[in-house]
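Trainee: Could you walk me through this one? I'd like to begin with the ligand and then move on to the domains.

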Amino acid sequence: MDAMLANVVDAVLELSIVGSFSRIGYAVRRRLHAWSDPVPGSLDGQTALVTGPTSGLGRQAVDELAALGARVILVGRSPDKLAAVADELTERHGEDRFPTVEADLGSLDSIRSAVEQILASEERLDALVDNAGAIFPERHEGPDGIEATLALLVVGPFALTAGLLPLLRRTPGARVVAVTSGGMYTQPLDLDDLQLTSTSYAGPKAYARSKRAQVTLIREWARRADGLGVRFNAMHPGWADTPGLAEMLPGFHRFMGPVLRSATEGIDTLVWLVATPDAGIDDGRLWLDRRPRPFDRIPSTRLTAAERRRLWREIVDLAGVEDPLPEPEARPSA
Ligand SMILES: NC(=O)c1ccc[n+]([C@@H]2O[C@H](COP(=O)([O-])OP(=O)(O)OC[C@H]3O[C@@H](n4cnc5c(N)ncnc54)[C@H](OP(=O)(O)O)[C@@H]3O)[C@@H](O)[C@H]2O)c1
């Protein structure tokens, strides 16, 4: 099929949502664009960090990055689960290159300790994959008094990325990849009520808003890091059959079961973004199936550049960190 026709078919698929997010979208695009898999050994000598490596997409991602040769830092909240994954990876890949770091991504203290541990032990960081996630049925606040969804999906990963930025900057070609959700298309972000104190709470709504904030921040990271040598991108996996999806959205999981992607299909774009030299070089994008996709499908959900900058400032404050990438005019002169 010629490239123009392939692009038209892809765009029509994207508009259909179910076609795009399901395994149909993955299968059609793989054939349409004749994808090749990352070259074996392409991550030899590189270090990747993955949050949420103990289940679902993160578990599959660490296996595939390890298979490409990466040393993989496993960041999770359960020491027992982390140790089990590290053992499985060591056995499967025949080398002990899977350090574990305990961190609850919803707790800033925990993230600060993890950052210290990583900065003290690692010489390079080629890829940071922000993958851990959850949907909470009831509104509650984490240990820092921040609404738990925002804390886990936005503030915690921001603090982790900010803390590890010096290491990323020292590593040529480093990348940050955020695993987001197509659910974010359904929700606007209310900058006056980021923690959902004055609107009624529903878990999927809170999740979709936080995922929108996560993608918005990726755009800001990319804009502010221009020229620093670190690329920032978000990708969404479509709908993939994972323990998390089955537990958090059981009705959806049952209904969509036959067309859900496998975890491998869900993370294909993540692995491609990490392991392909030029992938995502024009960064600050939202990817699905190896192509940049729109940030918004509903005009009223769109955030202006000024609103994106405001979100950055709000999250810097909530994360309790020094602004990791101030606007150029606000940077201290050399
Ligand atoms: N599956 C899908 O269709 C789909 C669609 C769109 C987006 N996503 C996104 O993909 C990512 C992975 O989801 P999944 O479907 O693979 O879910 P999953 O099977 O539930 O895995 C979630 C992972 O996040 C970790 N995690 C949760 N809360 C944490 C915390 N407070 N601190 C540290 N780690 C924590 C879990 O650790 P434990 O093992 O300790 O619980 C687990 O390793 C999430 O960001 C999700 O929003 C998934």
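Mentor: A term first: helices (H or I, at least four residues) and strands (E, at least two) are DSSP runs, numbered from the N terminus. This is a predicted model, in which local features need pLDDT of at least 70 and side-chain atom pairs count only at pLDDT 80 or more, while totals for chains, interfaces and linings use all residues. Residues are numbered from 1 along each chain as its sequence is written, and side-chain values use heavy atoms, with hydrogens and water left out.

Trainee: Which helices each supply at least two residues of the shell around the ligand?

Mentor: Those are α4 (56-67), α8 (203-224) and α9 (243-248), and α9 gives the most, with three residues.

Trainee: And which residues come nearest to the ligand?

Mentor: Of the 28 residues around the ligand, T54, S55, N131, Y207 and T242 come nearest, where being near requires a heavy atom within 4 Å.

Trainee: What lies 2.8 Å from an oxygen atom of the ligand?

Mentor: That is a polar side-chain atom of R77, whereas a polar backbone atom of L105 is 2.9 Å from a nitrogen atom of the ligand.

Trainee: Switching topic, which domains does the chain have?

Mentor: The assignment, which is automatic or from a database, gives domain 1 (1-35) and domain 2 (41-324), with their C-alpha centres 25 Å apart.

Trainee: How many residues of domain 1 are in contact with domain 2?

Mentor: In domain 1, 17 residues are in contact with 19 residues of domain 2, contact meaning heavy atoms within 4.5 Å.

Terms used:
A polar contact is a pair of N or O atoms within 3.5 Å; within protein, one must be able to donate a hydrogen and the other to accept it, and residues adjacent in sequence count only if both atoms are side-chain atoms.
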